[in-house]
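Biologist: I've got a model open and I'd like to learn how to read it. Can you walk me through it, feature by feature?

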Amino acid sequence: MLLIELPCDGCARPDGAAQSPPMSYAPALPTIAEAIQASLSPVFMLTGIGALLNVLTGRLARVIDRARVLEERHPALQREDRSRAAAELRRLARRMKVINASLFLAVASAVATCAVVAMLFIGALTRFHIGQWVAFSFILAMSLLIAAFVAFMVEVRLSIHAIRVRDELLH
């Protein structure tokens, strides 16, 4: 059987010299304060993402409610109204897909932003040099947020086209 001796604090080394205990790393308070300051921008970004998520979920709820109403009315509608309702249901389905894509991108951006904040503290509390990972995660978070806003813009355009008032109702 193989026995491995582990060094202990204060034990003598093989050359007879006293062994010093390993030094532990404890970050200074200014280092932690710097990490908190560096994390403020991503935290504000999270607040904005939260507001975007609130708007998107509100829009999604309204689209779903409208689709449910049309689905309930659909069997009782006349042929012309039924085709108009089917067209509107197709537009609503497309809007739901775009809103869901925007929601996914915004949540992914929030996750990447949270990773940035976590890495800022990990870097401050340890000796790991993870600056490149922090930068990459922040760029990823911003890219996902841009994509979420683009999807939101597409959905707004779809909703504007869906709300056209028919000419026969204007006369």
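**A buried pair and its surroundings**

Modeller: Let's start inside: R95 and E155 are both buried. Keep in mind that this is a predicted model.

Biologist: What do the side chains of R95 and E155 meet in?

Modeller: They meet in a salt bridge, at 2.6 Å from N to O. R95 belongs to helix α2 and E155 to helix α3, so this pair ties together parts that are 60 residues apart in sequence. There is a further partner too: salt bridges that share partners join R59, R95 and E155 into one network.

Biologist: How many salt bridges does a search of the whole structure find?

Modeller: Five. One of them links R66 and E88, with 2.8 Å between the closest N and O atoms. Here R66 sits in helix α1 (residues 29-73) and E88 in helix α2 (residues 79-125), so the pair ties together parts that are 22 residues apart in sequence.

Biologist: Is R66 buried or exposed, or partly exposed?

Modeller: The general idea is that buried means under 20% relative accessible area and exposed means over 50%, with partly exposed in between. R66 has 33% relative accessibility, so R66 counts as partly exposed.

Biologist: Which helix do R84 and D81 both lie in?

Modeller: Helix α2, where R84 and D81 are three residues apart, about one turn of the helix. Their side chains form a salt bridge at 3.7 Å, N to O. Using the cut-offs again, R84 is partly exposed because its relative accessibility is 27%, and D81 is partly exposed because its relative accessible area is 34%.

Biologist: Let's zoom out. What pattern does the protein follow along the sequence?

Modeller: The pattern is α-α-α-α, with four helices and zero strands. For contacts, look at how far apart in sequence the partners are. Among contacts between residues at least 6 apart, 73% join residues at least 24 apart.

Methods:
Residues numbered from 1 in each chain as written. Predicted model: local features only at pLDDT ≥ 70, side-chain atom pairs only at ≥ 80, totals over all residues. Heavy atoms only, no water. Helix = DSSP H or I, 4+ residues; strand = E, 2+ residues; numbered from the N terminus. Contact = heavy atoms within 4.5 Å. Salt bridge = Lys/Arg side-chain N within 4 Å of Asp/Glu carboxyl O. Buried < 20%, exposed > 50% of the residue type's maximum accessible area, 1.4 Å probe, protein only.
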